[in-house]
Structure formats: structure tokens, C-alpha cells
Amino acid sequence: MKISKHQLGIVFFILIGVVPFFGALLYAVLYSFGIVGILNEGFTFLFWKSVFHSGDFVKSLGYSMSIALVSVILSVGGALWLAINFTRNFQSRFFSFIIYLPLAIPGIVTAFFTFQLLSKGGLFSRIFHRLGWIESASGFPDLVNDTYAIGIVLAFITLVLPFFLLLFLSVYKNENIEQLSSLAKSLGANSTQVIRRIIVPILLKKTWIVIVLYFIFLLGSYEVPLILGQEHPQMLSVLIIREIKQYDLTKISEGYAIAVMYTIMVSLAALILFLPKKKISHET
Amino acid sequence: MFLEIKNISKSYKKEKVVKNLNFSLDANLTLSVLGKSGCGKTTMLKIIAGLESSEEGEIFLDAKNITREKAEKRNTIYLYQEDLLFPHLNVFENIAFALHIRKLPEKVIITKVKTMLDNLELSGQDHKMPNELSGGQRQRVSFGRAIISNPSLLLLDEPFGSLDSLTRNKMQKLFKNLSRKYNITSIFVTHDLKEALLMGDQIGLMKEGNLKVYDSKEEFINDPGTGVQNEILFWDKLKTGESVEENNSI
């Protein structure tokens with residue numbers, strides 16, 4: 001029997017993508033219900049109950065969603081502003097290099113840089129002190145490991161904005177937005193209307209799936225919140241790893257329960273995202 | 001005269017692409033402009049539309065000097081060579097674009113768009129997105145969107161260049177009908193000799209940035225520089241069975 005390339009591709013996808021994912025998920029589910037695990041003694045809802053009673057998951061989820069949402073909105077907003085106002089500048093080699101450069105820097109390095117720049121003992125704090133704007137390091141505002149996650153958001157923006165900028169510039173060119181803008185002006189639209197009715201809707205319509213995927217990616221980000229986040233609440237991935245890796249082995253199952261909930265949530269979001277949509281017709 | 005162009009010139013770097021342009025056009029008429037690629041036709045249209053600036057000269061539309069007016073204030077619409085539709089809007093929204101910009105009441109917009117869709121033979125297609133339309137349909141939507149806002153002047157830049165000959169013929173007829181129905185004043189740029197003759201009430205020939213507008217179609221036909229005589233000769237030779245290899249148009 002001959003196997004076509006298409007069938008071979010599906011087999012590889014199942015072996016490399018589907019089996020490990022569902023295997024790990026199944027293991028996590030079994031662990032969270034006490035069916036497997038070193039100290040577990042059989043099926044129980046205890047760990048799930050404990051997770052819901054502590055409220056850590058809900059707090060952490062809300063905290064993670066807020067950070068991811070703010071970071072995505074600011075990154076997309078900034079990238080849109082740059083793409084619309086400096087389209088031609090970014091065609092030069094120098095500016096292209098400047099945008100591509102941050103993409104080559106890993107998240108963990110960005111997090112360290114942010115820490116070195118914005119912590120109380122960091123570069124900016126020292127400059128401010130030298131300039132006499134603050135009396136001591138403690139006078140510098142909390143920008144890392146802070147309640148409002150300013151450090152995390154700034155690091156995320158540094159990582160994500162250049163990517164969105166490149167994406168928008170590419171769509172700007174491919175969708176002929178310069179000509180469409182001229183056409184809209186010719187039809188009577190002023191500059192604000194061109195931006196509001198043509199440029200922004202086209203850019204967002206063509207990229208919204210990537211924007212949502214980046215939101216999900218930031219929601220599950222680990223290194224940046226680990227270095228720049230506060231002790232409580234923590235972002236989801238940090239919370240999950242903390243629970244799974246902690247000294248108290250009975251807590252491991254709780255970590256898996258949180259991981260299962262997070263995985264189900266993200267999988268559902270991805271499903272909704274990629275399900276075919278119904279068309280809405282305009283009534284005349 | 002409804003449209004008056006006086007001494008318009010334009011250069012890119014050191015090359016003068018439009019040279020001392022002078023012509024006028026009465027209301028509700030179409031001026032066909034014939035010319036090869038790169039002769040300055042598009043630049044001329046963009047200058048009149050306000051999408052490019054001229055170095056010198058003046059443009060008067062309905063006795064008003066619009067030379068320094070912004071594109072959106074001129075009430076002239078430039079139709080691109082490609083059937084450019086807004087990709088995020090469906091047929092209805094594309095046609096209604098200029099009406100929404102002018103903030104007309106929704107009921108008026110719906111009535112006007114519905115009438116336009118009937119005129120364009122696109123009834124029932126209002127919900128379709130641009131990528132679901134054929135080339136001819138896209139061009140019709142593009143026309144409808146331009147005409148519905150009742151522009152003072154319509155500037156068409158080889159609008160049928162990408163269409164097959166059958167669709168092209170249909171579109172030419174449709175444009176003539178709509179022009180009459182909506183009293184459109186237009187400049188129709190083309191590199192197709194037959195199309196120039198069919199579409200224009202007046203005809204001009206553009207060569208290396210210079211535009212010559214003929215007083216009559218007869219004068220245009222009799223001018224050896226336009227290529228009409230060559231074309232006639234070609235068909236005559238074809239009829240009599242002579243060699244047609246040496247024939248050239250403009």
C-alpha cells in the first residue's frame with residue numbers, strides 16, 4: 001500500500017504534535033485527580049477543590065489576562081502609530097535593522113535588561129540619583145517586581161511591538177494601502193477618516209488572528225514575569241511551575257489542576273479562533 | 001468652460017513628465033486621452049485630482065481655482081488602473097463609502113446604493129466581499145462608488161486595461177450609459193485607439209508630456225500621428241490579402 005505525502009504529513013503531525021500534547025494533558029489530568037503521582041492515593045477531587053478555594057488560580061488568571069491585554073493593546077497601538085506615520089522611513093536599511101534587532105533578543109535577556117535599567121539599583125535609578133532628582137535608591141519608583149507589573153508590560157512591549165510593526169508594514173505594502181488611502185481622499189475622506197475608516201480597519205482585519213495568538217502567547221509567558229513579576233499574584237506559568245516544583249509534594253497535583261484548566265481555556269480559545277465563521281449579509 | 005487647465009507642468013528629478021498642459025472641457029462631456037505608457041497621462045490625471053502637485057500652472061473647475069485645494073476638497077474622483085476596492089468592506093459598503101463620509105442619513109444611503117446596484121446590474125451582490133467578485137464586477141463597483149457621490153469631474157486611468165475584450169465592451173457601454181444618466185464630466189485615459197474613439201466626445205493625444213486636444217474626431221482621425229490611418233490601412237490590407245507585418249499604431 002502506497003502512502004501519499006499528504007498522509008505522511010498527517011502521520012508526522014499526529015506523532016509529533018498531537019500525541020505528546022494529549023499524552024501530557026492526560027498525565028496532568030490523572031495527576032490532578034490523584035490517580036498518578038508519588039504520594040497520591042487514588043481518585044479524588046481534593047486538589048481541584050483546594051485550587052478553587054485558595055483563589056490563586058482566578059487571581060493569577062485575572063492578573064495574567066490584564067497584563068497580556070495591556071501589553072498587546074499598547075504594542076499594537078504603538079506599532080499602528082509608527083506604521084502609519086513613518087511608513088516610508090522604515091523602507092530604509094537603517095530603520096529596518098532597528099526593527100529587526102529586538103526580534104533577535106530572547107525574552108530572558110530582555111527581562112534582565114529591563115531589570116538592570118529599571119530596578120531600584122539599576123541604571124536609571126543611578127542616573128536620577130546622580131542628577132539629584134532622588135535622594136536615595138529607595139526614592140526611585142517601583143518599576144520592576146511591582147504591583148502594577150510595569151516592568152513586565154515594558155518588557156513585553158519591547159519584545160512584541162517590533163514584530164507587530166513589521167507585520168503592519170508588510171500588510172501596508174501587500175494590501176496597497178497607500179493607493180487605497182489616495183482613493184479614499186479622492187472620494188472625499190480627510191486624513192483622520194482615511195486612518196479611521198481605511199488604514200486601521202484593514203491592518204487590524206488582516207492581522208487580528210495574530211494579535212489574539214500573541215495575547216495567548218503573552219498569557220502563558222514564563223521568563224519575563226519570573227524575573228520582573230511580584231510574589232503574589234503571579235502570572236499563570238510562574239504559578240504553575242511554582243506549584244509543580246515546590247518542596248511540598250502534595251501541592252504538585254494542584255499545579256497540574258491549574259495547568260489543565262489553563263490548557264483547556266487556551267485550547268477552547270484557539271478552537272473558537274480557527275472555526276469557520278458565518279457571513280453576515282447587509283440588508284438593502 | 002467647466003474644466004480649464006492652464007500651463008500645468010511637472011518634473012520628476014530632472015525629467016519633465018508633463019509639459020505646459022493647456023486644455024478645457026465642457027460640462028457633461030468626456031475627453032479621451034490616448035497615449036503610450038509613460039507619456040505622462042497618469043501624472044496629468046493625478047495633478048488634476050490633487051494627488052500630485054504641479055510646479056506651475058492653474059486648474060479651474062466650474063470657474064473656481066482648485067490648484068491649491070486638497071484632493072478631498074476638489075470633488076474630483078480619480079479611478080485607478082486597477083479595480084481598487086476597499087478589501088475590508090463589502091460591495092454595499094464600498095459603494096456607500098463616499099456617502100458615509102458625507103454623513104448622509106442611512107435611509108438615503110440605502111436608497112441611493114440600491115438604485116446604483118440596479119444600474120450596475122449588481123442587485124443581490126451587495127453582501128459580497130471584493131475577493132468574491134470577478135474583474136468586471138469589481139470594476140463596476142469601482143464605477144458605482146465613484147459616480148454615486150456625484151463628482152464634478154471623474155478621472156479614469158485606463159480603467160478597463162485588465163479586462164478581457166468582451167467584458168471591456170460591456171463596461172464601455174455601461175460607462176457611456178452611466179455618464180449620460182448622471183451627467184458626468186470625465187477625462188478617460190487609455191492606450192487603446194478604438195476605446196479612445198468610442199468613449200470620448202473630444203479626443204486628445206499625449207506624447208512625451210505634451211497633450212494635443214483635437215477640435216473634432218475627424219481631425220484626430222486624419223492626423224497621421226494618431227495611428228488611425230495606420231489602423232485603417234491595416235484592416236484594408238487584411239481584407240485585400242496584402243502583407244500586414246509593417247503596420248504600426250501610434
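Predicted model: local features only at pLDDT ≥ 70, side-chain atom pairs only at ≥ 80, totals over all residues.
Visitor: Let's start with chain B. Which strands make up the open sheet of four, and in what order?
Guide: The order is S2-S1-S4-S5 in chain B, and the pairing is antiparallel.

Visitor: Which strands sit at the edges there?
Guide: S2 (15–25) and S5 (64–65) of chain B do; each has a single partner strand, so one side of each lacks a neighbour in the sheet.

Visitor: How many bridges hold S1 and S4 of chain B together?
Guide: Five bridges, with S1 (residues 3–12) and S4 (residues 56–61) of chain B paired in the antiparallel sense. Lys6(B) has Glu58(B) as its bridge partner, and Leu3(B) has Leu61(B).

Visitor: And what does Leu61(B) stand opposite in S5(B)?
Guide: Lys64(B). S4(B) and S5(B) are antiparallel over two bridges. They form a hairpin with two residues between them, and Asp62(B) in that turn has a positive phi of about 55 degrees.

Visitor: OK, next sheet. What's the strand order in the open sheet of six?
Guide: S6-S7-S8-S3-S9-S10, again in chain B, with mixed pairing. S6 and S10 of chain B are the edge strands; each has a single partner strand, so one side of each is left without a neighbour in the sheet.

Visitor: By how many degrees are neighbouring strands turned against each other?
Guide: On average 20 degrees in this sheet, direction ignored.

Visitor: Parallel or antiparallel for S3 and S9 of chain B?
Guide: Parallel: S3 (residues 30–35) and S9 (residues 202–207) of chain B are joined by five bridges. Leu31(B) has Gln202(B) as its bridge partner, while Leu34(B) stands opposite Leu205(B).

Visitor: What about S9(B) with S10(B)?
Guide: That pair is antiparallel, over four bridges, with S10 of chain B spanning residues 210–213. Gly204(B) has Val213(B) as its bridge partner. S9(B) and S10(B) form a hairpin with two residues between them, and Glu208(B) in the turn has a positive phi of about 50 degrees.

Visitor: Switching to helices. How many residues of H4(B) are buried?
Guide: Twelve of its 13 residues, so to speak mostly covered. The buried ones include Arg138(B), Arg140(B), Phe143(B), Arg145(B) and Ile147(B).

Visitor: What covers them?
Guide: The cover includes helix H8 (177–186) of chain A, and from chain B strands S6 and S7 along with helices H2, H3 and H5.

Visitor: What span does H4(B) reach, first C-alpha to last?
Guide: Helix H4 of chain B, residues 135–147, reaches 18 Å, close to the 18 Å expected at 1.5 Å a residue.

Visitor: Now chain A. At what angle do H7(A) and H9(A) cross?
Guide: Roughly 145 degrees, with the axes of H7 (residues 150–174) and H9 (residues 191–219) of chain A coming within 10 Å. The crossing is right-handed.

Visitor: Which residues meet there?
Guide: Among those in H7(A) are Phe156(A), Phe163(A), Phe164(A), Phe168(A) and Tyr172(A). On the H9(A) side they include Ile199(A), Leu203(A), Lys206(A), Thr207(A) and Tyr214(A).

Visitor: And by class, what does that contact have?
Guide: The contact of H7(A) with H9(A) has 14 nonpolar residues, one polar and one charged.

Definitions and conventions
Residues numbered from 1 in each chain as written. Chains lettered and ligands numbered in written order. Heavy atoms only, no water. Expected span 1.5 Å × (residues − 1). Buried < 20%, exposed > 50% of the residue type's maximum accessible area, 1.4 Å probe, protein only. Contact = heavy atoms within 4.5 Å. Pairing = 2+ DSSP bridges. Axes fitted to C-alpha atoms, helices over the stretch in contact; angles between N-to-C directions. Left-handed = near helix turned anticlockwise from the far one by under 90°. Nonpolar A, V, L, I, M, F, W, Y, C, P; charged D, E, K, R; others polar.
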